[in-house]
Amino acid sequence: MDLSIRLCGSTRYGKAVSKQAGELMRSARKFIPAAAIAALLTVSGCSEDEPTAQASPSEKASPSELAHYTAAPDPTTPTQSPTTAAPTECVKTAGMSVEKLTAYLKELPSSSGAYQSRGLTLDSSGLNFTPEAIQRPCKAVTVKLARYWVELEKTMEATVVSPARYEYQYTPIDVTSHKAGPQDGRVPDTAPPGGSDCQGSLSVLYLGEDIPLQSLPFDLELTDTTAPVPVEVAGDGVLSALYVSPTGVVSC
C-alpha cells in the first residue's frame with residue numbers, strides 16, 4: 001500500500017487533508033505502527049496555521065511598480081548635505097538715491113584687503129575701480145569729476161612771527177562724467193592736472209548736483225611735494241578730492 005501523503009498546501013485544503021489522514025490511521029491501525037503514522041503527519045515546512053508564501057499571478061507587483069520603489073533611509077546613517085558653491089553676489093545700484101549711492105561707494109571695500117581701503121579711488125593716476133568681488137555693483141556706476149585750477153595770490157609778506165598769507169581763487173577746468181565698473185580697471189583721462197608756479201589744482205569726484213565754488217576749501221596748505229594729497233570738500237555727493245600744490249610761490 002502506498003502511504004505517501006503530501007500534507008503541504010494552502011490553508012484552504014488543510015482540513016480536508018487532516019481528515020483523510022485520520023481515516024487512514026483508523027483503517028491502517030492494525031497494519032502500520034503508530035510511529036510510522038506519526039512520521040507521515042510530520043512534514044517539514046507544513047502547518048495548518050501558516051499560509052503558503054506563493055502569491056497568485058494577479059497579486060504579483062508589476063515591473064513599473066518596482067521601478068518606483070524607494071527604500072526608506074536608515075535613521076542610524078548620517079546624511080550629508082550636498083555642497084554647492086556660493087554664488088557671486090553683486091549690488092543693484094539702479095534706482096539708488098544720491099545719498100544711498102554715495103554711502104555705498106564710500107564704504108565699498110577694495111580687493112586689496114587693506115584696512116579702510118576703498119574700491120573706488122581717485123589717485124595720482126586718476127579714477128581707479130578695484131572693489132571686492134562679492135560687493136561690486138551689478139552694472140557700471142556713473143560718477144562726475146570736476147577739476148579746478150587753484151590760483152594763489154600773496155596778501156601778506158612773511159614776518160619773524162608769522163608766515164606769508166595767500167588767497168585762493170578757483171578757476172574751473174572741466175566737469176566730465178565717467179562710468180566705473182563693473183569690471184576692474186582705471187578710467188583714462190582722469191588724472192589730476194599738475195601744478196606750476198603760483199598755480200595748483202583740485203580734483204573732486206562726486207555724484208548729483210554740481211559743486212558750488214563756495215563749497216570748495218579755502219584752507220589749503222602749501223606743500224614741498226607736487227604729489228596729490230587728499231583733502232576734504234563739503235557736499236552730500238562728494239566721494240573724494242585731491243589737491244596738487246603749486247611748485248613754487250616765491251614770486252606770487
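Reply: Two strands are taken to pair if DSSP finds at least two bridges between them. Please keep in mind throughout that this is a predicted model.

Me: By that rule, how many bridges join E1 to E2, and how do the two strands run?
Reply: A hairpin carries the chain from E1 to E2 through two residues, and within this pairing Leu122 stands opposite Leu127 of E2. The strands, of which E2 covers residues 126–129, run antiparallel, and the number of bridges joining them is four.

Me: Which residues make up the covered face of E1, and which the uncovered one?
Reply: In a regular strand the side chains alternate between the two faces of the sheet. In E1 the uncovered face carries Thr121 and Asp123, while the covered face is made of Leu120 and Leu122.

Me: Why can the buried residues of H4 be said to line one face of the helix?
Reply: The buried residues of H4, which spans residues 98–107, are Leu101, Thr102, Tyr104 and Leu105. An α-helix has 3.6 residues a turn, so residues three or four places apart point the same way. The face turned away from the buried side of H4 carries the exposed residues Glu99, Lys100 and Glu107. Seen down the axis of H4, the buried residues line one face because they fall within an arc of 165 degrees.

Me: In what order do the strands of the open sheet follow one another, and which are the edge strands?
Reply: The open sheet is formed by five strands with antiparallel pairing, in the order E4-E3-E6-E8-E7. Since an edge strand pairs on one side only, the edge strands are E4 and E7.

Me: How many bridges join E3 to E6, and which residue of E6 is the bridge partner of Lys144?
Reply: E3 and E6 run antiparallel, and the bridges that join them number eight. For Lys144, the bridge partner in E6 is Tyr206.

Me: Which strands do the buried residues of H4 pack against, and what angle does H4 make with E8?
Reply: The buried residues of H4 pack against E1 (120–123), E3 (141–156) and E8 (238–244).

Me: Is Lys106 buried, exposed or partly exposed, and which residues is Lys106 in contact with beyond its sequence neighbours?
Reply: Lys106 has its place in helix H4, and with a relative accessible area of 34% this residue is partly exposed. Lys106 and Leu239 are 133 residues apart in sequence, yet their C-alpha atoms are 6.4 Å apart in space. Leaving aside neighbours within four places in sequence, the contacts of Lys106 are Arg118, Val238 and Leu239.

Me: Which cysteines form the disulfide, and what is the angle about the S-S bond?
Reply: The count comes to one disulfide, formed by Cys90 and Cys138 with their sulfur atoms 2.0 Å apart. This pair links distant parts of the chain, 48 residues apart, with Cys90 in the loop between H3 (63–67) and H4 and Cys138 in the loop between E2 and E3. Cys90 counts as partly exposed at 43% relative accessibility, and Cys138 counts as partly exposed at 26%. The link of Cys90 and Cys138 is right-handed, and the angle about its S-S bond is 90 degrees.

Me: Which residues does Ile134 touch, and what distance separates the C-alpha atoms of Ile134 and Glu89?
Reply: Ile134 is found in the loop between E2 and E3, where it is partly exposed with a relative accessible area of 49%. Not counting residues up to four places away in sequence, Ile134 touches Glu89 and Cys90. Although Ile134 and Glu89 are 45 residues apart along the chain, the distance between their C-alpha atoms is 4.9 Å.

Me: Which residues do the ring pairs link into a cluster?
Reply: The structure holds two aromatic pairs. In one of them the rings of Tyr148 and Tyr170 have centres 6.2 Å apart and planes at 75 degrees, so this pair is edge-to-face. The rings of Tyr170 and Phe218, with centres 5.5 Å apart and planes at 85 degrees, also form an edge-to-face pair. The cluster linked by these ring pairs is therefore Tyr148, Tyr170 and Phe218.

Definitions and conventions
Residues numbered from 1 in each chain as written. Predicted model: local features only at pLDDT ≥ 70, side-chain atom pairs only at ≥ 80, totals over all residues. Heavy atoms only, no water. Buried < 20%, exposed > 50% of the residue type's maximum accessible area, 1.4 Å probe, protein only. Arc of directions from axis to C-beta. Contact = heavy atoms within 4.5 Å. Phe/Tyr/Trp six-rings, centres within 6.5 Å; stacked < 30°, edge-to-face > 60°. Disulfide = S-S within 2.5 Å.
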